[in-house]
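Here are my notes on the model you sent. Please read them with the sequence and the structure open.

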Amino acid sequence: MSAGGEAFYEEIERKTAADAVEAAFRSLEATRGPWSAELQHGGPPSALALREFERLAPAEGGHIARMAVDFLAPVPVAPLTVRCEILKPGKRAQLLSGSVSAGGRTVLAIRGWWRRQVPDLVPEVPDPASAQALADPDTIETRSPDDDLSRLLDRGWVAAMEFRYVSGDLTTPGPCTVWVRPRLPLLATEPTSPTQTAALIADGASGVSSALDFRKHLFSNLDLNLSFLRAPEGPWIAMDANSSIDAAGGGTAVTRLGDRRGVFGYAMQTLYVEPHGAA
């Protein structure tokens, strides 16, 4: 197993204004998805864009509360350019917009909300699932690949993650609850924020909860929608994921995202599902 180097990306160039940023990055081996050496997993470029949102938004007094990513084209393992701007400034909330492009082609479109946080402003009403705490990740062993499919998938993004399964697993169709943490930082030059870590991991929810056999079916994510009740606390992120599929090829993956305190957010993914080799 190889985690693919020291990080997911290396920054090449940066241009910054008061309300906008453009930055170029080299994509490293860890960004690779499990099915092609040339294409990235959706988590790394989503986390990379969220990193730029966090750099544009106020550094104190709030957090990125929502991020919506539309995958317009497969993301190649190639140099990427991230452009982000503040569309709506504000004291309570700010709307941010961005894109990720490769070779002059836009491959991801992104929008996000930064939301102000004021301690003890209102009574806390947590997600009911937080009352049933998951097993602590320190009490669960990391599972090594022990079958042909697991060994096939154990490359790029998958190899760069450490998985500790509460129920289900990546290669067994059906719901899955799992603790995940990256083995590598997003960029080697800085710590990865917990919110970036959540975005880096969350796109994997439709994979760990795949309702049909990977060997017979292709699952294409059209988007990734993240809503954060509060900022997560890393490094371990829990995914409680479930996928539903319609016979005509539609799919939806719905995921609770948690940390040691409980549920901190939610992910939803729109899927297109088809048999391998379908016209």
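Is helix H4 enclosed by the rest of the structure or open, and how many of its residues are buried? Point 2 gives the answer, after a word on the chain as a whole.

1. **Overall build.** This is a predicted model. The protein chain has 5 helices and 13 strands. For 279 residues, a compact globule would have a radius of gyration near 19 Å; the chain has 18 Å, so the two agree. The C-alpha trace spans about 50 × 50 × 40 Å along its principal axes. Buried residues make up 50% of the chain. Among contacts with a separation of 6 or more, 66% are between residues 24 or more positions apart. The accessible surface is about 13200 Å², and carbon and sulfur atoms account for 52% of that surface.

2. **Helix H4.** Of the 9 residues of H4, 8 are buried, so the helix is largely enclosed by the rest of the structure. The buried residues are Thr195, Gln196, Thr197, Ala198, Ala199, Leu200, Ile201 and Ala202. Buried here means under 20% relative accessible area.

3. **Salt bridges, and the Glu190–Arg55 pair.** The structure holds 20 salt bridges. One of them joins Glu190 to Arg55, with 3.9 Å between the closest N and O atoms. Glu190 sits in the loop between strand E8 (172-182) and helix H4 (194-202), and Arg55 sits in helix H1 (residues 43-56), so this pair ties together parts that are 135 residues apart in sequence. The cut-off for a salt bridge is 4 Å. Glu190 is partly exposed, at 22% relative accessibility. Arg55 is also partly exposed, at 45%.

4. **Asp127 and Arg256.** These two side chains form a salt bridge, the closest N and O atoms being 3.1 Å apart. The bridge links distant parts of the chain: Asp127 is in the loop between E6 and H2, while Arg256 is in strand E12 (residues 250-259), 129 residues apart. What about cover? Asp127 is buried, with a relative accessible area of 9%. Arg256 counts as partly exposed, at 33%.

5. **A local pair in helix H2.** Arg151 and Asp148 meet in a salt bridge of 3.1 Å, N to O. Both residues lie in helix H2, 3 residues apart, which is about one turn of the helix. Arg151 is partly exposed, with a relative accessible area of 46%. Asp148 counts as exposed, at 63%.

6. **The loop between E6 and H2.** Where is Val118? Its place is in the loop between strand E6 (105-116) and helix H2 (148-153). Val118, Leu121 and Val122 make a nonpolar surface patch of about 300 Å². Val118 itself counts as partly exposed, at 38% relative accessibility. Pro126 is found in the loop between E6 and H2 as well. Pro126 is partly exposed, with a relative accessible area of 45%. How far apart are Pro126 and Gly262 in sequence and in space? They are 136 residues apart in sequence, and 8.3 Å apart in space, C-alpha to C-alpha. Asp127, from point 5, belongs to this loop too.

7. **Strand pairing around E10.** Strand E3 (residues 62-71) pairs with strand E10 (residues 223-228) in the antiparallel sense, over 5 bridges. Ala68 has Asn225 in E10 as its bridge partner. E10 also pairs with strand E13 (residues 262-275), again in the antiparallel sense, over 4 bridges. There, the bridge partner of Phe228 is Gly265 in E13. When you inspect these strands, keep one rule in mind. In a regular strand, side chains alternate between the two faces of the sheet.

8. **What to look at.** Start with H4, where 8 of the 9 residues are buried. Then follow the bridge from Glu190 to Arg55 and the bridge from Asp127 to Arg256. Finish with the nonpolar patch of Val118, Leu121 and Val122.

Definitions and conventions. Residues are numbered from 1 along each chain as its sequence is written. This is a predicted model: local features need pLDDT of at least 70, side-chain atom pairs count only at pLDDT 80 or more; totals for chains, interfaces and linings use all residues. Side-chain values use heavy atoms; hydrogens and water are left out. Patches are made of residues with over 30% relative accessible area and no salt bridge: like charges are joined within 9 Å, nonpolar side chains (Val, Leu, Ile, Met, Phe, Trp, Tyr) within 5 Å. Accessible areas come from the Shrake-Rupley method with a 1.4 Å probe; for residues, only the protein chains shown count as cover. Helices (H or I, at least four residues) and strands (E, at least two) are DSSP runs, numbered from the N terminus. Buried means under 20% relative accessible area, exposed over 50%, partly exposed in between (1.4 Å probe, protein chains only). Two strands pair if DSSP finds at least two bridges between them. The radius of gyration is taken over C-alpha atoms; the globule rule is 2.2 Å times the number of residues to the power 0.38. Contact means heavy atoms within 4.5 Å.
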